Amino acid sequence: MKVTVIGTGYVGLTTGICLAYIGHEVVCADTNESKVRQLRDGHIPIYEYGLPEMLAASGERIRFTAQCRQAVGTADIVILAVGTPAKAEGAPELAYLYAAMETVLDGIAEKQTPTLVVNKSTVPVGTGDKLAAMAASRGISHRVEIASNPEFLRQGSAMPDTLYPERIVAGGSPTAQAALKELYGPLLRQDFSPPALAPRPPGLASVPFFAVDLKSAELGKYAANAFLAMKISFINEMANLCDRVGADVSEIAGILGSDSRIGKAFLQAGIGYGGSCFPKDTKALHHIAGTSGYDFKLLSSVIEVNRFQKYVLVGKLRSALGALDGRRVTILGLTFKPETDDMREAPSLPIIEALLAEGACVTAHDPVGLPAAKALLPAEAKTTTNLDEALQDADAAVLVTEWPVYLNYGGRTYRQRMRQPIFVDGRNALPVSDRGWLDYYGVGMRALPSA
Ligand code: UGA
């Protein structure tokens, strides 16, 4: 099929590259010309496993342009994958989506064949109908179908998540649903031949395909993210309780997760969720519910628990060190999670601000995120790309992002480098065998004095 993707962020770029890889003819369009130039040179502007290699493997089947209207060309399917960032009151900003749709409609007006416009951006219920109304207002609705096809990929594993999705959701008319089934056909087949970079996970079942109405598809995406965020806030509240009663939250997570009705995933307690999706989507869903006259009380608590959770570490440091004034604290990890350079809503930033406000001397390290982080960090925070140097003579280390380099460093090495072996683990991720070398504080775990 001929596919045009508007927007080359995480979702648009990964989708475009994977669709080209499975055999479609793809044009990726973005108004950002310098990004388009980089992509034409084969350079991927985000840190994402496997994408450069997949792009190279897609050869002539993919091209990049800054001319979005012309990019519509003779496409059978146009995918909208532009940002919907949160506005101050939590509502998603749809201006970019509507602007992209106007441009796409300009392009469609110039062609005679029908076009399926597929929205992948996370949008409030009813947005698909508004896109359809935009086509109708131009008198071309007979040539435009609208579909909602929400995306469930995670940063850091965007490519494998796209090739092996847990489900595909196709919202729209039966014609739109059928076109999406054809688009993703190779991924739905068990005999799909995967790239060497992302072999088929063993025991992977066939991919469920949800052919639903537009509104259910739009709301389903928010429901999925809000539910995962709720699991995280739930286990974090359990962790805070464990801290008070002397229980161990990793044991609680094990007990909970072994019940298949609950599931093991997203029960890792720590400093809460960050990133470009959960914080934005939980607030957006809360706002959408509010504007529909529904007070989504559970979601308010999920958001509030997460807002508070990052500061749990600061309290732990304060009780371990006495006062923070003048103490040298090393921050291990800045990005919102490992395997990405994304700093959006990263818990590291408010944690560092809180430590500086109490007079701590902060040195931050991240194996990948420093270039992106530097513009966001307060001037008083020092940064280094050398982990040994970051830890030298530290009074305490705080694990904020569980990059493997921190988990493999070794408890003994931490102890040797630091002035005091105080280790506050915001992800409960340091190997258990290393903890005995350190004055170890997890979240929802009994403090462990070093031997
Ligand atoms: C999330 C969803 O997982 C994807 O399914 C969805 O497609 C995506 O949002 C989106 O809407 O675009 P992502 O934000 O990339 O993906 O990252 P996650 O791996 O879900 O992690 C989100 C945050 O939750 C991270 O800060 C992570 O550290 C935190 N987390 C995750 C926990 O604190 N505990 C856990 O058990 C799991």
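A: The chain is divided into domain 1 (2-212), domain 2 (221-308) and domain 3 (310-441). The model is a predicted one.

The sheet you ask about is open and has six strands, in the order β11-β10-β9-β12-β13-β14, with parallel pairing. At its edges stand β11 (382-384) and β14 (439-441), each of which pairs on one side only. Direction ignored, neighbouring strands of this sheet are turned by 20 degrees against each other on average. In general, the strands of a sheet pair through backbone hydrogen bonds, and the pairing is either parallel or antiparallel.

Strand β10 (residues 361-365) pairs with β11 in the parallel sense, over three bridges.

Helix α14 (residues 312-321) lies across β9 (328-332), β12 (396-399), β13 (422-425) and β14. Relative to β13, helix α14 runs at about 165 degrees.

A database record also bears on this region. UniProt, in an unreviewed entry, places the feature "domain: UDP-glucose/GDP-mannose dehydrogenase C-terminal" at residues 330-432. In the model, the span 330-432 is 31% helix and 18% strand, and its end C-alpha atoms lie 21 Å apart.

The C-alpha centres of domain 1 and domain 2 lie 29 Å apart. Between these two domains, 12 residues of domain 1 are in contact with 11 residues of domain 2. The side of domain 1 that touches domain 2 has eight nonpolar, three polar and one charged residues.

Finally, there is the ligand. The shell around the ligand draws at least three residues from each of domain 1 (2-212) and domain 2 (221-308). Helix α10 (residues 214-245) gives the largest share of this shell, three residues. Of the 20 residues around the ligand, those that come nearest are Q155, Q268, Y273, G275 and C277. By class, the shell divides into 10 nonpolar, seven polar and three charged residues.

Technical notes
Residues are numbered from 1 along each chain as its sequence is written. This is a predicted model: local features need pLDDT of at least 70, side-chain atom pairs count only at pLDDT 80 or more; totals for chains, interfaces and linings use all residues. A residue is near a molecule or strand if its C-beta atom, placed from the backbone, lies within 6 Å of it. Helices (H or I, at least four residues) and strands (E, at least two) are DSSP runs, numbered from the N terminus. Ala, Val, Leu, Ile, Met, Phe, Trp, Tyr, Cys and Pro count as nonpolar, Asp, Glu, Lys and Arg as charged, and the others, Gly among them, as polar. Domain bounds come from an automatic or database domain assignment. UniProt positions are given in the numbering used here, feature names are shortened, and annotations may be inferred rather than shown by experiment. Two strands pair if DSSP finds at least two bridges between them. Axes are lines fitted to C-alpha atoms, for helices over the stretch in contact, and angles run from 0 to 180 degrees between N-to-C directions. Two residues are in contact if their C-beta atoms, placed from the backbone, lie within 7 Å.
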